[in-house]
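Please keep the sequence and the structure in view while reading.

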Amino acid sequence: TVLALTATADDGIADAIRGALPLDELVLDETERANLGVDDRRNLKNRDDYLVNLVAGGEKTVVYVNSREQSVAVARTLRKRVPQMAPLIGFYNAGLTRAERARVEQLFRTDALKVLVATSAFGEGVNIPNIRHVVLYHLPYNEVEFNQMSGRAGRDGAAAQVHLLFGRGDACVNEQVLRDMTPDHDCLAQVYRRLRALQRDHGDGFFTLGNVDLAKLASEGGHAVSSQSAACGVAVFRELGLIETHTAYASGEITRSIRVVDTASKVELTDSVRYREGLGERAIFSAFRDWAMGTDAASLHVRVSRPILPGSAPRGTR
């Protein structure tokens, strides 16, 4: 007997589950969370003022932002502007150690913290009953994130509010992040040319190079290359068999060595699963952005209060 359970299953996920497991029956829970309200403040000019007033009310709140840096920055801003709440405001992101994340979650769970500024790392699977407010300060990357973040509110069944503060400018930030993580062909070509040049300088052996230094060297080719783009290039080229890498741990630090493989085989970037998945994430965000910024408040409320089931995705996001 096989039982597969998931809280979020759009058409693609449902099809993947059916293809991987011998399932005879599909059971869908269409329960609507009527206790969740939506305060639609998209494109609000002074969202920090709105957030400050909300936090000053003292109710348990999660503020979702789109980067580790922003989780720290927004928490600092709130501590400064709402000093009476400063000791009760924390941040949570994937850059914290596992022990630190567990400690912050426990402080928030027990009300030692009342406000948590977090990335999507604090999302799916987190079940804290008495969160009264969820704030989407920035635009999520897809509808699953949107639904999961919003769904942290009001899990005790009491009234709770989802506040939408994201705006058009956030979309540009997200697009840049996704481009850095899966850059275009010309950017990766610069990275590969630089790696080949370095290999010529080092003969047949491995050479040590981090992502930051690789990005700086590759940027000399004409277009700026971020460290995230350099990291993507290394991962894709390794998957395609164009390079080999070795990783060593010494004195608590990770050192990576690279050797470019001399091959006459022709490869395409889209031969890489990693690269295709990245392009897919960019396409998914593009469709979600258009929906999230263009749809009406009633449709937003439906996506917040109802589960994502096969056939339920908003138009344009499938």
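## Terms and model

Helices (H or I, at least four residues) and strands (E, at least two) are DSSP runs, numbered from the N terminus. The model is predicted: local features need pLDDT of at least 70, side-chain atom pairs count only at pLDDT 80 or more, and totals for chains, interfaces and linings use all residues. Residues are numbered from 1 along each chain as its sequence is written, and side-chain values use heavy atoms, with hydrogens and water left out.

Buried means under 20% relative accessible area, exposed means over 50%, and partly exposed lies in between (1.4 Å probe, protein chains only).

Two strands pair if DSSP finds at least two bridges between them. Strand β1 (residues 36-40) pairs with β6 in the parallel sense over five bridges, and G37 stands opposite Q161 in β6. Strand β5 (residues 133-136) also runs parallel to β6, joined to it by four bridges; here V134 stands opposite V162. From β5 the chain crosses through helix α5 (residues 143-150) to β6, in a right-handed β-α-β crossover. Right-handed means that, with the strands pointing away from the viewer, the path from the first strand over the helix to the second runs clockwise.

Helix α5 contains E143, which counts as buried at 6% relative accessibility. The side chains of E143 and R303 are joined by a polar contact of 3.2 Å. A polar contact is a pair of N or O atoms within 3.5 Å; within protein, one must be able to donate a hydrogen and the other to accept it, and residues adjacent in sequence count only if both atoms are side-chain atoms.

## Two residues with positive phi

Most residues other than glycine have a negative phi. N43, in the loop between β1 and α2 (47-56), has a positive phi near 65 degrees. D111, in the loop between α4 (98-109) and β4 (115-118), has a positive phi of about 70 degrees. N43 is partly exposed, with a relative accessible area of 30%, and D111 is partly exposed, also with 30%.

## A buried loop residue

V65 lies in the loop between β2 (61-64) and α3 (68-81) and is buried, with a relative accessible area of 3%. V65 and S120 are 55 residues apart in sequence and 7.7 Å apart in space, C-alpha to C-alpha.
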